[in-house]
Amino acid sequence: MSTDQNILVKLNDAGLQLNNKWLVKGVSLQVEKGKIVTLIGPNGSGKSTTAKIALGIYKKIDGSVEKYTHKVGYVPQKISIDWTLPLRVNDFMVLTESLNKETIDEALSLTGVIHLKDKNLGDLSGGEFQRVLLARAISKKPELLVLDEPVQGVDFTGEIALYELIKKISDELSCGILLISHDLHTVMAATDHVVCLNGHVCCSGSPMDVAKNNEYKALFGEQASQILSRYEHKHDHIHTDEGEIKKN
Amino acid sequence: MFDDFFIRALVAGIGVAFVTGPLGCFVIWRRLSYFGDTLAHSALLGVTLAFTMEFNIALSVFIISSLIALILIQLQKKTNLPGDALLGLLAHSSLAVGLVVIGFLTFIRFDIMGLLFGDILAVSVDDLLIIWIGGALILLVLKLIWKPLFASTVNYELADAEGLNPDRAKAIFTILMAAIIAISIKMVGLLLITGMLIIPAAMARNLSSSPQSMVIYSIIGGLLSVIIGLFTSLEFNTSSGPSIITAALLLFILSLFKIKQSIKLKN
């Protein structure tokens with residue numbers, strides 16, 4: 001299969017202007033099947049905006065976005081359920097697609113919240129809610145997953161487990177993932193491609209390339225760069241061009 | 001059987017309640033109560049138009065209300081006035097214009113009270129057909145757009161991102177709102193239609209734990225309100241609209257006891 005057939009969504013010099021202010025400008029990136037692309041950057045650097053551009057939520061954008069799939073799962077950064085809407089976890093799971101009971105249960109088990117199935121969404125804690133959001137997004141077996149800070153509010157051990165789950169989903173479903181995360185440790189461990197945003201693309205490439213980049217250092221400081229380089233030493237294997245794994 | 005005006009009113013009211021139940025839930029969920037009010041107020045203009053041009057009332061109310069909804073959407077795009085100010089502007093100006101037009105139509109005898117508060121004597125067999133056929137159509141369309149409408153009610157961006165076209169669902173829902181006002185105006189009266197949408201749904205919220213059960217309770221609440229209200233209206237010679245809404249209010253108050261219990265249980 002050529003690379004082009006693997007592309008799920010592609011941003012070409014995309015940007016968004018609101019009230020004469022650029023939220024984000026000149027972003028080019030692509031998400032391919034089975035790959036995890038991570039957006040990092042400080043607050044207000046346009047990470048969520050870029051994700052929404054990729055999803056096609058913004059209609060009047062600069063540049064262009066090409067989307068090659070309709071099977072999309074989305075975990076928004078923030079979602080609030082009004083009290084007037086009585087909504088159980090079970091109802092929420094089938095919000096955008098009808099699923100059978102087994103599929104729902106499987107997804108809820110994967111994110112560890114099957115016991116909350118009949119609870120009202122309003123009664124969940126932040127971390128529990130986040131797990132439900134992730135379960136809903138993966139339950140429909142999407143080709144493209146867009147995760148906007150999917151583990152916010154999740155406890156430490158849960159965070160690691162959920163990132164492992166995300167990696168597993170990307171491999172098993174061979175779905176492309178556009179991830180927004182603040183946690184540089186995890187980002188670097190599981191990501192194929194990093195895009196560092198600060199209103200524009202400040203640098204991008206493999207985690208190691210980005211870590212060495214001077215602009216990245218300027219943005220996140222020397223320490224952040226060291227976090228990344230630590231991962232370099234942890235690697236005990238290399239990937240050959242044929243995709244095989246060789247022990248060092 | 002439909003010779004009796006009271007039976008006609010009852011059958012009409014039951015038809016209306018089946019439709020206001022589910023629509024009312026969305027009015028509450030999407031915070032559209034003032035929007036419903038605006039459409040209902042503009043209905044007076046529709047009624048006067050129907051009388052001057054000897055046109056079907058329900059159809060003309062439907063057209064005018066849809067038109068007002070369109071104007072609202074345009075105004076929202078073109079001005080910086082906040083939404084509630086725009087709604088107030090349209091609600092009161094369309095009501096005022098409607099009343100002024102009525103003032104000019106001295107050759108037609110108008111039952112203003114009946115228009116504002118509903119009149120069970122006014123329900124004809126034709127109206128029954130409009131309510132039941134129109135109502136069935138509204139419910140059918142609502143069922144068809146349920147998924148995108150409900151998903152975008154929970155979260156617009158989620159629905160949009162996952163390809164459900166929430167804008168189309170919203171536009172269709174606006175038309176359904178105009179339609180329910182058009183078919184229920186004779187029963188409930190234009191000042192109280194929003195009450196018929198909101199109060200049974202608010203009662204239902206207190207009793208339910210899922211969207212589906214809220215819709216069902218809302219329908220039951222509406223049916224009970226209509227039946228109790230109409231019998232009261234017959235017995236005490238009160239206007240049908242206020243009687244129905246008062247009955248709905250009593251049911252709502254009763255539902256508060258249930259919610260108090262569940263809060264106690266939680267603590």
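Select Cys196(A) and Cys203(A) to begin: Cys196(A) stands opposite Cys203(A) in strand 9 of chain A, where strands are DSSP runs of E of at least two residues and helices are runs of H or I of at least four residues, both numbered from the N terminus. This is a predicted model, in which local features need pLDDT of at least 70 and side-chain atom pairs count only at pLDDT 80 or more, while totals for chains, interfaces and linings use all residues. Residues are numbered from 1 along each chain as its sequence is written, and chains are lettered from A and ligands numbered from 1 in the order in which they are written.

Now widen the selection to residues 201–205 of chain A, which make up strand 9 and run antiparallel to strand 8, with four bridges joining the two. Between strand 8 and strand 9 of chain A lie three residues that complete a hairpin, and in this turn Gly199(A) has a positive phi of about 85°.

**The six-stranded sheet**

Next, display the open sheet of chain A in which six strands follow the order 5-6-7-3-8-9 with mixed pairing; two strands count as paired if DSSP finds at least two bridges between them. Strand 5 (72–75) and strand 9 of chain A stand at the edges with a single partner strand each, so one side of each has no neighbour in the sheet. Averaged over this sheet and with direction ignored, neighbouring strands are turned by 10° against each other; axes here are lines fitted to C-alpha atoms, for helices over the stretch in contact, and angles run from 0 to 180 degrees between N-to-C directions.

Which strands pair with strand 3 of chain A? Strand 7 (residues 176–180) of chain A pairs with strand 3 of chain A in the parallel sense over four bridges, and Val37(A) stands opposite Leu178(A) there. Strand 8 (residues 193–197) of chain A also pairs with strand 3 of chain A in the parallel sense, over four bridges; in strand 8 of chain A, Val194(A) is the bridge partner of Thr38(A), and Cys196(A) is the bridge partner of Ile40(A).

**The three-stranded sheet**

Move on to the open sheet of chain A with three strands in the order 2-1-4 and antiparallel pairing. Its edge strands are strand 2 (21–32) and strand 4 (62–67) of chain A, each of which pairs on one side only. Strand 1 (residues 7–18) and strand 4 of chain A run antiparallel and are joined by five bridges, and Gly15(A) has Asp62(A) as its bridge partner in strand 4 of chain A. Helix 2 (residues 47–55) of chain A packs on this sheet, touching strand 1, strand 2 and strand 4 of chain A, and its direction makes about 125° with that of strand 1 of chain A.

**Core and interface**

For the largest nonpolar core, which has 149 residues, select Val146(A), Ala43(B), Val61(B) and Ile181(B), the residues with the most contacts inside it; such a core is a set of buried Ala, Val, Leu, Ile, Met, Phe, Trp, Tyr and Cys residues joined through C-beta atoms within 7 Å. Helix 8 (residues 166–188) of chain B gives the most to this core, with 13 residues.

Finally, show the contact between the chains, which takes 19 residues from chain B and 20 residues from chain A, two residues being in contact if their C-beta atoms, placed from the backbone, lie within 7 Å. Helix 7 of chain B gives the most to the side of chain B that touches chain A, with five residues.

Definitions and conventions. A residue is buried if 20 or more other C-beta atoms lie within 10 Å of its own, exposed if 12 or fewer, and partly exposed in between; C-beta atoms are placed from the backbone.
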